[in-house]
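Visitor: I would like to learn how to read this structure. Where do we begin?

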Amino acid sequence: MNPHPPAANDTVIDIQHLRSQFGRTVIHRDLDLQIQRGEIFSIVGGSGSGKTVLMRQMLGLETPKHGVIKVFGEDIHAPKQQHLQHLRRRSGMLFQHGALYSALNVIENVAQPLRELGVLPEAVIMDIAHLKLHMSGIGFEHAKKMPADLSGGMIKRIALARAIALDPELLFLDEPTAGLDPDSSDSFVHLIQSLHQSLHLTVVMVTHDLDTLFALSSRIGVIADKKMIAIGSAQEVVQVPHPFIQTYFRGGRGIRAMEVLAADSTAGVNDGK
């Protein structure tokens, strides 16, 4: 199942005939994918399906065996490093465990991408870093704390503040709610929703958490059999009669998450009356 492809000027990421291979092990074979401007596109798949490999290739951190990955219209694996540098200034990344620098305090972690630009005065860097922390729900009183003194939820928020430090157009999220308790997870999902809307972000997310998946996704892409076997809304994807999809989405957790999604949708319609 594949919806009609978006117009060219709305396509932020365009992947054609991708083949990922490590030695003799083929991860992806002839994988195609287009991600549209402004959507939250989620990638799911079983263990070893290559979800994280695909995201790392979109970031230019790994190179596919064959195929083309265009981001903002540029082939990021072409032999022109300025394309990759330009991409990295237009995108942000939230790693699964935050990946904060353990030797830097909170404000210095957020300031790091701004310092790497090498063009901003220190006072401006500090102002921007404090603003991004505020946008991520972290108060000024936490600015001097070290990562070892932070809760898992705070680490996620600070890592998100760092990911949006350069005002990116494109945000990558790797298991954004992994390791969080239900209340912290719900709060973080709401934060992502808010930033997505206020900053007009295009978001690419890898997650195995069905509640997060259904709460955030504009569209979902399912990897199985070394390719995208389904792309569409949650309601569309769950109808695809593939064994992986039926097992993944039609189990107890999947049914409960879909019920919550349906209830939220009904409440939204009623509220709009």
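Guide: With burial. Buried means under 20% relative accessible area, exposed means over 50%, and partly exposed lies in between (1.4 Å probe, protein chains only). S185 has 10% relative accessibility, so S185 counts as buried.

Guide: A word on sources. This is a predicted model, in which local features need pLDDT of at least 70 and side-chain atom pairs count only at pLDDT 80 or more, while totals for chains, interfaces and linings use all residues. Residues are numbered from 1 along each chain as its sequence is written, and side-chain values use heavy atoms, with hydrogens and water left out.

Visitor: Where does S185 lie, and which residues does S185 touch?

Guide: S185 lies in helix α6. Helices (H or I, at least four residues) and strands (E, at least two) are DSSP runs, numbered from the N terminus. Contact means heavy atoms within 4.5 Å. Leaving out residues up to four places away in sequence, S185 touches T177, L180 and T212.

Visitor: How do I read a helix pair?

Guide: Two packed helices are described by the angle between their axes and the distance between the axes. Axes are lines fitted to C-alpha atoms, for helices over the stretch in contact, and angles run from 0 to 180 degrees between N-to-C directions. Here, α5 (residues 152-163) and α6 (residues 182-198) have axes that come within 11 Å and cross at roughly 15 degrees. That makes α5 roughly parallel to α6 (angles under 35 degrees count as roughly parallel, over 145 as roughly antiparallel, 65 to 115 as roughly perpendicular and the rest as oblique).

Visitor: Which residues in α5 and α6 meet?

Guide: K156, R157 and L160 in α5 meet S187, F188, L191 and L195 in α6.

Visitor: And the sheet?

Guide: Strands of a sheet pair through backbone hydrogen bonds, either parallel or antiparallel. Two strands pair if DSSP finds at least two bridges between them. In this model, six strands form an open sheet with mixed pairing, in the order β6-β7-β8-β3-β9-β10. β6 (91-94) and β10 (227-232) are at the edges with a single partner strand each, so one side of each has no neighbour in the sheet. The twist averages 15 degrees from one strand to the next.

Visitor: Is β10 enclosed or open?

Guide: Largely enclosed by the rest of the structure, because five of the six residues of β10 are buried.

Visitor: How do β9 and β10 run?

Guide: Antiparallel, with five bridges joining β9 (residues 219-224) to β10. A224 stands opposite K227 in β10. The two strands form a hairpin with two residues between them, and D225 in the turn has a positive phi of about 55 degrees.
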